[in-house]
Amino acid sequence: MTLSLPVATSSCQPWRGLIETYRPYLPVTENTPVVTLMEGNTPLIPVPAIAQRIGRGVRVFVKYDGLNPTGSFKDRGMTMAISKAKEAGAEAVICASTGNTSAAAAAYARRGGMRAFVLIPDGYVALGKLAQALLYGAEVLAIKGNFDRALEIVREMAESYPVTLVNSVNPYRLEGQKTGAFEVVDVLGNAPDWLCIPVGNAGNISAYWMGFCQYQQIGKCDRLPRMMGFQAAGAAPLVNGQPVHHPETIATAIRIGNPASWDKAMGVKTASGGNFHAVTDAEILDAYRLLASEEGIFCEPASAASVAGMLKVKEEIPTEATVVCVLTGNGLKDPDTAIKHSNSQFKQGIEADIQAVAGAMGF
Ligand code: F0G
């Protein structure tokens with residue numbers, strides 16, 4: 001007797017990574033060596049408990065980009081930046097980072113056979129991100145200064161030394177990141193009414209807007225979203241209209257006082273009829289716990305700023321609108337914040353017997 005394995009009835013193509021999937025819309029040629037970890041294709045998840053807090057038939061989805069290979073949206077930009085760096089013959093790349101860029105740069109550079117130098121603000125990078133950069137084999141340099149200073153240094157370094165800059169001032173980063181917008185439209189069948197997104201260096205909001213505009217031009221969607229950017233209150237230069245010299249927030253990923261893509265982001269606000277708002281650390285933490293405890297979605301604090309912001313301005317959301325909040329990074333990146341700010345009871349030191357456990361459970 002022969003055993004026959006079930007055969008898929010529909011032809012189901014495996015995901016080929018961003019560059020292959022969106023090749024016609026990206027600046028790559030057959031000469032570009034594609035460095036990929038099969039990033040992209042992240043889920044758009046409905047969040048009904050959060051939508052209920054708004055009511056009026058508003059539909060809310062989160063674009064969970066924390067499910068990328070290194071756990072953040074940076075992989076979208078990095079597959080492009082590293083592939084193009086390799087195409088140009090680069091042997092080393094450099095970036096400044098609050099953590100996620102350094103993890104993605106390290107992973108993709110090493111996979112592409114390049115050295116990765118990363119400058120981080122000493123003491124202000126979440127543990128998981130530091131662990132990643134180190135294990136991927138980056139050369140990690142922690143400076144006595146914040147992200148803004150680190151970015152100034154790496155920009156100068158890239159001009160004077162043989163290292164390619166892979167921060168989002170590298171245009172290939174935004175080209176890769178715009179695919180987040182493509183995926184949202186591919187799933188919804190059109191652009192959402194609102195796109196809510198955390199803003200730090202302001203690259204991602206600019207990239208999403210590029211993606212929506214490009215998709216509209218080629219007829220994949222017939223409208224554009226209002227782009228709503230949210231910054232942490234202690235690091236909100238785009239809300240205040242001036243740089244913040246000493247940015248502070250629990251959301252260390254967006255602890256940025258002088259965003260590199262400032263002008264682009266302001267252009268997005270005007271063109272989309274959107275806005276920038278600040279959310280406090282307390283509001284960020286409320287959304288962070290809400291996403292995890294009511295929706296089962298664990299993102300990092302900076303990512304929760306998109307949901308915190310949406311809830312803050314919920315009265316402005318049109319009735320029956322479709323809203324997408326981008327969750328930029330995975331909650332596992334920052335275990336310290338999760339443990340410190342969870343509201344759950346953590347009962348320790350319980351005797352290892354059934355009665356003690358039952359007692360602790362309240363039975
Ligand atoms: N969310 C997360 C989790 C981030 O890591 C970042 C930026 C942002 C949002 C903001 O995106 O800078 O394009 O406006 N992280 C950078 C880094 C700065 O170094 O990892 P942005």
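This is a predicted model: local features need pLDDT of at least 70, side-chain atom pairs count only at pLDDT 80 or more; totals for chains, interfaces and linings use all residues.
Reader: How many residues surround the ligand, and how many of the shell are charged?

Author: The ligand is surrounded by 19 residues, with S97, N201, A202, N204 and T328 the closest. By class, the shell holds 7 nonpolar and 10 polar residues, and the charged ones number 2.

Reader: What share of the ligand's exposed area does the protein bury?

Author: An N or O atom in the side chain of K74 is 2.9 Å from a nitrogen atom of the ligand. Oxygen atoms of the ligand lie 2.8 Å from a backbone N or O atom of T98 and 3.2 Å from one of G203. Taken alone, the ligand exposes 480 Å², and the protein buries 99%.

Reader: Where does the ligand sit?

Author: The protein buries 99% of the area that the ligand exposes when taken alone. As for its place, the ligand sits in the largest cavity.

Reader: Which helix gives the most to the lining of the largest pocket?

Author: The largest pocket has a volume of about 210 Å³. Its lining includes D286, Y288, R289, F298 and N343, and divides into 5 nonpolar, 4 polar and 2 charged residues. With 6 residues, the helix that gives the most to this lining is α12 (residues 281-295).

Definitions and conventions: Residues are numbered from 1 along each chain as its sequence is written. Side-chain values use heavy atoms; hydrogens and water are left out. A residue is near a molecule or strand if one of its heavy atoms lies within 4 Å of it. A polar contact is a pair of N or O atoms within 3.5 Å; within protein, one must be able to donate a hydrogen and the other to accept it, and residues adjacent in sequence count only if both atoms are side-chain atoms. Accessible areas come from the Shrake-Rupley method with a 1.4 Å probe; for residues, only the protein chains shown count as cover. On a 1 Å grid over the protein atoms alone, a cavity is a set of points where a 1.4 Å probe fits but cannot get out, and a pocket is an open set with protein on both sides within 12 Å along at least five of seven lines; lining residues have an atom within 4 Å of a point. A molecule sits in a cavity or pocket if more than half of its atoms lie within 2 Å of its grid points. Ala, Val, Leu, Ile, Met, Phe, Trp, Tyr, Cys and Pro count as nonpolar, Asp, Glu, Lys and Arg as charged, and the others, Gly among them, as polar. Grid points are joined across faces, edges and corners, and a volume is the space filled by probe spheres set on the points. Helices (H or I, at least four residues) and strands (E, at least two) are DSSP runs, numbered from the N terminus.
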